[in-house]
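Please go through the structure below with the sequence at hand, taking one region at a time.

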Amino acid sequence: MSRRTLIILAGLSLVLAAILVLSRFDFGRGQDTGGLHAPGLAERIGDLESLRVVHAGNEVLATLLRGENGWVVAEKDKHPANFERFRSLLDALAQARRVERKTARAEFYSRLGVDDPSVPEATGYLLELDYGGRHPAEGFIVGRRAGAGMAYIRTAGEAQSWMVSADFDLSDLARDWLDREVIDLASGDIRRVMLDRGGEDRLEIRKDDAGDLNFTPLDIPEGRELSYGSVANSIAGALANVEANDVRSAAEVSGLPRAAEASYETFDGLKLSLDVRKDAAALTEEGADDDPRYWVVFSAAAMPARNQGDREDEADGEAPGSSGETDPQEAAPGPEERAAQLNAKLGGWAYQLPVYKSDQWFKTMNDLLKDE
């Protein structure tokens, strides 16, 4: 074996020895890598009493409390919370696994979004979990995303931060922690809509049959005609897929001036009444503006049979579109049951709806007609 070959072999031996030694050192991946960031959290969740979400400047976005009938938001008069967002957040937190050790130096926290929420420019979210004394309270600061299915996190009170495998569903809008679904009443179910803005400012639209495509206003002035056939349909469709921008108790808006009253009647005998209140000084989460905001209080009832005149000429008393062959186990709830369900959900609350919804209740006859 030549001297040159021996030198090469000796060099390779040194390189291999160095690799072996270096592999024993921790360069970002420690013994905790691969483990759960919050061991045992999945078992503790059942004892959770509250979850507080804190953002920059120690702003409390929402305090979710365990209520008698589910989770509620304390800052919104204990209105039901967005349970899907809440549950997915807890699941992500309980299942988050450590992928890589990151900085433990406070001056670098802002790069990952895991700085303390007392910092005005903080971008992360502090999640404070309280178990009502069954377990010690704990907190986690969730920072920026670190790529697909990855995020940065730091346990409150600890210096070390981590990259974890988790996808957290968080929002800095307080409304996103609420159950914002209000009602979904399809325009095809509606027979008549009546609007009353006080005095003689009234408007009524209706369908004679559920199969009709368009709603027709009553008492169109002589010599005038609709600007187009479906012009009134948007009024009837205002209660389809409704999500609130904000919620407060109905008692809070009872002192505001009434702007309008509306009622929606369905072909199957449900009546939904709307009390619309004007709040000229309301603020949106994007800031103040000159446009008033409207709060809507809902109440539902089943209409007496004598008020359903248009149903008297329906064959055999069947609802429009009915085949007459209904499986009792698959039958839709009647108007009494539907009214009770809606009142249980909506009663006692006032909802601030998107402008494109509330604007429908202020349309006048002249808005529906061609110019003279």
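**A pocket, a sheet and a loop residue**

Strand β3, residues 70-73, supplies three residues to the lining of the second largest pocket, and this is the largest share of that lining. The model is a predicted one, and in it this pocket has a volume of about 240 Å³. Its lining is made up of G67, E68, N69, G70, W71, V72, P80, A81, F83 and D179. Sorted by class, the lining residues of the second largest pocket are five nonpolar, three polar and two charged.

From the pocket we turn to a sheet. Eight strands form an open sheet with antiparallel pairing, in the order β13-β12-β11-β16-β17-β18-β19-β15. Its edges are β13 (216-217) and β15 (246-249), each of which pairs on one side only. Helix α7, residues 335-346, packs on this sheet and touches β16, β17 (270-279), β18 (293-302) and β19, while the direction of the helix makes about 145° with that of β18.

The pairings within the sheet can be followed strand by strand. Strand β11 (residues 190-196) and strand β16 (residues 258-266) are antiparallel and are joined over six bridges, with M194 standing opposite S263 in β16. Strand β16 is in turn joined to β17 by seven bridges, again in the antiparallel sense, and here E261 has D275 in β17 as its bridge partner. The hairpin formed by β16 and β17 has three residues between the strands, and G269 takes a positive phi near 100° in this hairpin. Strand β17 then pairs with β18 over 10 bridges, also antiparallel, and K278 stands opposite Y294 in β18.

P354 lies in the loop between β19 (349-352) and α8 (355-358). Is P354 buried or exposed? Its relative accessibility is 13%, and because buried means under 20%, P354 counts as buried. Not counting residues up to four places away in sequence, P354 touches E243 and N245.

Conventions
Residues numbered from 1 in each chain as written. Predicted model: local features only at pLDDT ≥ 70, side-chain atom pairs only at ≥ 80, totals over all residues. Heavy atoms only, no water. 1 Å grid on protein atoms, 1.4 Å probe; cavity = no way out; pocket = protein on both sides within 12 Å on 5 of 7 lines; lining within 4 Å. Points joined across faces, edges and corners; volume = space filled by probe spheres on them. Helix = DSSP H or I, 4+ residues; strand = E, 2+ residues; numbered from the N terminus. Nonpolar A, V, L, I, M, F, W, Y, C, P; charged D, E, K, R; others polar. Buried < 20%, exposed > 50% of the residue type's maximum accessible area, 1.4 Å probe, protein only. Contact = heavy atoms within 4.5 Å. Pairing = 2+ DSSP bridges. Axes fitted to C-alpha atoms, helices over the stretch in contact; angles between N-to-C directions.
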